[in-house]
Amino acid sequence: MVIPLTYIEPGVQAEVVWIASSPSMAGRLDDLGFSPGETVSCVLKKPGKGMRAYLVRGAVIALRYENAREIFVQPVAD
């Protein structure tokens, strides 16, 4: 099942499937490591539509809710 990255809870891993952003933002997210096939995990999730932080390629990256919801992922089974 493919879902927005914002649905991933802390400690859960997921694989990036696609990015539904403008070309410039999609390029920026790709540069940060949110590329199709890449594994990411949520490390921090503020309540509501607050900031989120994800571990990708060995770095913790903070994203706004608006940007994280444009990244579609598939949760990885343990």
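Arg57 is exposed in this predicted model. Arg57 sits in the loop between S4 and S5. The backbone there has a positive phi of about 55°, although Arg57 is not a glycine. The side chain of Arg57 forms a salt bridge with Glu38, with the closest N and O atoms 3.2 Å apart. This pair links distant parts of the chain. Glu38 belongs to the loop between helix H1 (23–32) and S3, and Arg57 to the loop between strand S4 (52–56) and strand S5 (59–63), 19 residues apart. Glu38 counts as partly exposed, at 23% relative accessibility.

The salt bridges number 2. In the pair formed by Lys45 and Glu9, the side chains meet at 2.9 Å, N to O. Lys45 lies in strand S3, whereas Glu9 lies in the loop between strand S1 (3–4) and S2, so the pair ties together parts that are 36 residues apart in sequence. Lys45 is partly exposed, with a relative accessible area of 23%. Glu9 is partly exposed as well, at 42%. Apart from neighbours within four places in sequence, Glu9 is in contact with Cys42 and Lys45. The C-alpha atoms of Glu9 and Ala68 are separated by 13 Å, and these residues are 59 apart along the chain.

The strands form an open sheet. Its 6 strands follow the order S1-S6-S2-S3-S4-S5, with antiparallel pairing. S1 and S5 are the edge strands, each pairing on one side only. Helix H1 packs on the sheet and touches S2, S4, S5 and S6. The direction of H1 makes about 150° with that of S2.

Strand S2 has partners on both flanks in the strand order, S6 and S3. S2 (residues 13–19) is joined to S3 (residues 39–45) by 3 bridges, and the two run antiparallel. Here Ala14 stands opposite Val40 of S3. Towards S6 (residues 71–75), S2 makes 5 bridges, again in an antiparallel arrangement. Val16 has Val73 as its bridge partner in S6. Ile19 stands opposite Ile71 of S6.

The whole structure holds 2 aromatic pairs. The ring centres of Trp18 and Phe72 are 4.9 Å apart and the planes lie at 20°, so this pair is stacked. Trp18 is in strand S2 and Phe72 in strand S6, 54 residues apart. Trp18 counts as partly exposed, at 41% relative accessibility.

Phe34 and Tyr54 also pair through their rings. Their centres are 6.3 Å apart and their planes stand at 90°, so the pair is edge-to-face. Phe34 lies in the loop between H1 and S3 and Tyr54 in strand S4, so the contact ties together parts that are 20 residues apart in sequence. Both Phe34 and Tyr54 are buried.

In soluble globular proteins, nonpolar side chains tend to be buried together. The largest nonpolar core in this model has 16 residues. Leu5, Ile8, Phe34, Tyr54, Leu63, Ile71 and Val73 touch the most other members. S2, S3, S4, S5 and S6 each give two or more residues to this core. Phe34 has contacts across the fold. Setting aside residues up to four places away in sequence, Phe34 touches Leu5, Val16, Ile19, Leu29, Val40, Tyr54, Val56, Ile61, Leu63 and Ile71. Among these, Val16 is the bridge partner of Val73, and Ile19 stands opposite Ile71.

Asn67 is placed in helix H2 (residues 65–68). Asn67 is buried, with a relative accessible area of 13%, because the buried class lies under 20%. Leaving aside neighbours within four places in sequence, Asn67 is in contact with Met25 and Leu29. Leu29 is also touched by Phe34.

Key:
Residues numbered from 1 in each chain as written. Predicted model: local features only at pLDDT ≥ 70, side-chain atom pairs only at ≥ 80, totals over all residues. Heavy atoms only, no water. Pairing = 2+ DSSP bridges. Helix = DSSP H or I, 4+ residues; strand = E, 2+ residues; numbered from the N terminus. Salt bridge = Lys/Arg side-chain N within 4 Å of Asp/Glu carboxyl O. Buried < 20%, exposed > 50% of the residue type's maximum accessible area, 1.4 Å probe, protein only. Contact = heavy atoms within 4.5 Å. Axes fitted to C-alpha atoms, helices over the stretch in contact; angles between N-to-C directions. Core = buried A, V, L, I, M, F, W, Y, C linked by side-chain atoms within 4.5 Å. Phe/Tyr/Trp six-rings, centres within 6.5 Å; stacked < 30°, edge-to-face > 60°.
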